[in-house]
Amino acid sequence: MIKRTLFFGNPAYLSTKNEQLVIDFPEKEKEKVTVPLEDIGVIVLENPQITLTNGLLSKLNLHKALLVQCNSQRMPVSVFQPLNGHTLFTERLRLQLGMSEPLKKNLWQQTVQSKITNQALHLEENHINALKLRRWIQEVKSGDGENHEAYAAAYYFQNIFPVENFSRNQKGIPPNHWLNYGYAILRALTARAITSTGLLPALGIFHKNKYNPYCLADDLMEPYRPFVDKMVQQMLRQLELSEELTTEHKAMLLKIPAMDVIVEGKKSPLMVAMSRTTNSFYECIEGVRRKIIYPEFC
């Protein structure tokens, strides 16, 4: 079943009763709303005047719902994660900490190749030449020491959006603000899936910034980025491009967790596919498989 994504942009009081999320509004004319907890996949809290009960947090954790908090600029900045993400957490953490450098480099090579493949497929879907990317896929070596990921990204973003002088930059011209929001949602989904698998999102295979608590999430989300790009591309066709990130824009980007992706030939919601990716990543650490499962763009 595809889980629901709930967005709260106005003041509200959130609690739980009888396995339901109970939503109370300060406005007297608004009636109380309830949502089954088992139907919830993602909750995004944007308004600072939102109150949650501890009981609700416990129930959301039990149902593996993702809770995302936004900052004063209304951008997703933090995610509620359990300490006991998996029953075998200690054992899995021991294996994660013991990863060898050759294994990390091999898994990063797979990740980069999958990302560039999806970028190439996205370009080709839009009848844009992707021969350079196809060549670079074959040239990616263990650890991607020649940085083909960056070359591919530069070429890809120069061509994928019909926006004059566009380049990918967090503080760049629109639709960079749409990409920022979409990638933040994707990052939160990845971090939650990593924790549920019994791993730490801070211990990456390529990203190693000591100030970044989501290094592994930033690694494993890379091949999923073109799916966010596709959503932004759809927005460019349907909505007016503006400097402001509106509620309408966010509503479309919050469909990302439920986007259909193809994993090993079968259709799956992106949020479910991410769990398969993180589980396969652990199995590579464990030594029972050799390749991470990533979706293929279509």
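Guide: The model is predicted. We can start with glutamate 264, whose relative accessibility is 54%.

Visitor: Why is glutamate 264 counted as exposed?

Guide: Exposed means over 50% relative accessible area. Glutamate 264 has 54%, so it counts as exposed. Its place is in the loop between strand E9 (260-263) and strand E10 (266-269).

Visitor: Why is asparagine 147 called partly exposed?

Guide: The relative accessible area of asparagine 147 is 35%. Buried means under 20% and exposed over 50%, with partly exposed in between. The value of 35% lies in between, so asparagine 147 is partly exposed.

Visitor: And serine 15: why does that residue count as buried?

Guide: The cut-off for buried is under 20% relative accessible area. Serine 15 has 13%, therefore it counts as buried. The residue sits in strand E2.

Visitor: Which residues is serine 15 in contact with, leaving aside its neighbours within four places in sequence?

Guide: Serine 15 is in contact with Gln20, Leu21, Val22, Thr53 and Leu56. Contact here means heavy atoms within 4.5 Å.

Visitor: How do you know that E2 and E3 pair, and in which direction do they run?

Guide: Two strands pair if at least two bridges are found between them. Five bridges join E2 to E3, so the two strands pair. They run antiparallel. One of the bridges has lysine 17 with glutamine 20 in E3 as its partner.

Visitor: What is the strand order of the open sheet, and why is its pairing called mixed?

Guide: The open sheet has four strands in the order E4-E3-E2-E6, with mixed pairing. In general, strands of a sheet pair through backbone hydrogen bonds, either parallel or antiparallel.

Visitor: What makes a strand an edge strand in this sheet?

Guide: Strand E4 (33-36) and strand E6 (50-52) are the edge strands, as each pairs on one side only. The twist averages 25° from one strand to the next.

Visitor: Which helix lies across this sheet, and at what angle to E2?

Guide: Helix H1 (residues 54-62) lies across E2, strand E3 (20-24) and E6, running at about 65° to E2.

Visitor: What joins proline 174 and proline 175?

Guide: A cis peptide bond joins them, with omega about 10°. Proline 175 is found in the loop between H5 and H6.

Visitor: How much space lies in the largest pocket, and which lining residues are closest to its centre?

Guide: About 660 Å³ lies in the largest pocket. Of the 30 residues that line this pocket, the closest to its centre are Arg168, Gln170, Tyr183, Arg187 and Arg225. H6 gives the largest share of the lining, six residues. By class, the lining has 16 nonpolar, six polar and eight charged residues.

Visitor: What volume does the second largest pocket have, and what makes up its lining?

Guide: The volume is about 430 Å³. Of the 24 residues lining the second largest pocket, Lys64, Ser196, Met271, Val272 and Ser275 are the closest to its centre. Strand E5 (40-45), H6 and helix H10 (270-286) each give two or more residues to this lining, and H10 supplies the largest share, six residues. The classes are 13 nonpolar, eight polar and three charged residues.

Key. Residues are numbered from 1 along each chain as its sequence is written. This is a predicted model: local features need pLDDT of at least 70, side-chain atom pairs count only at pLDDT 80 or more; totals for chains, interfaces and linings use all residues. Side-chain values use heavy atoms; hydrogens and water are left out. On a 1 Å grid over the protein atoms alone, a cavity is a set of points where a 1.4 Å probe fits but cannot get out, and a pocket is an open set with protein on both sides within 12 Å along at least five of seven lines; lining residues have an atom within 4 Å of a point. Grid points are joined across faces, edges and corners, and a volume is the space filled by probe spheres set on the points. Ala, Val, Leu, Ile, Met, Phe, Trp, Tyr, Cys and Pro count as nonpolar, Asp, Glu, Lys and Arg as charged, and the others, Gly among them, as polar. Axes are lines fitted to C-alpha atoms, for helices over the stretch in contact, and angles run from 0 to 180 degrees between N-to-C directions. Buried means under 20% relative accessible area, exposed over 50%, partly exposed in between (1.4 Å probe, protein chains only).
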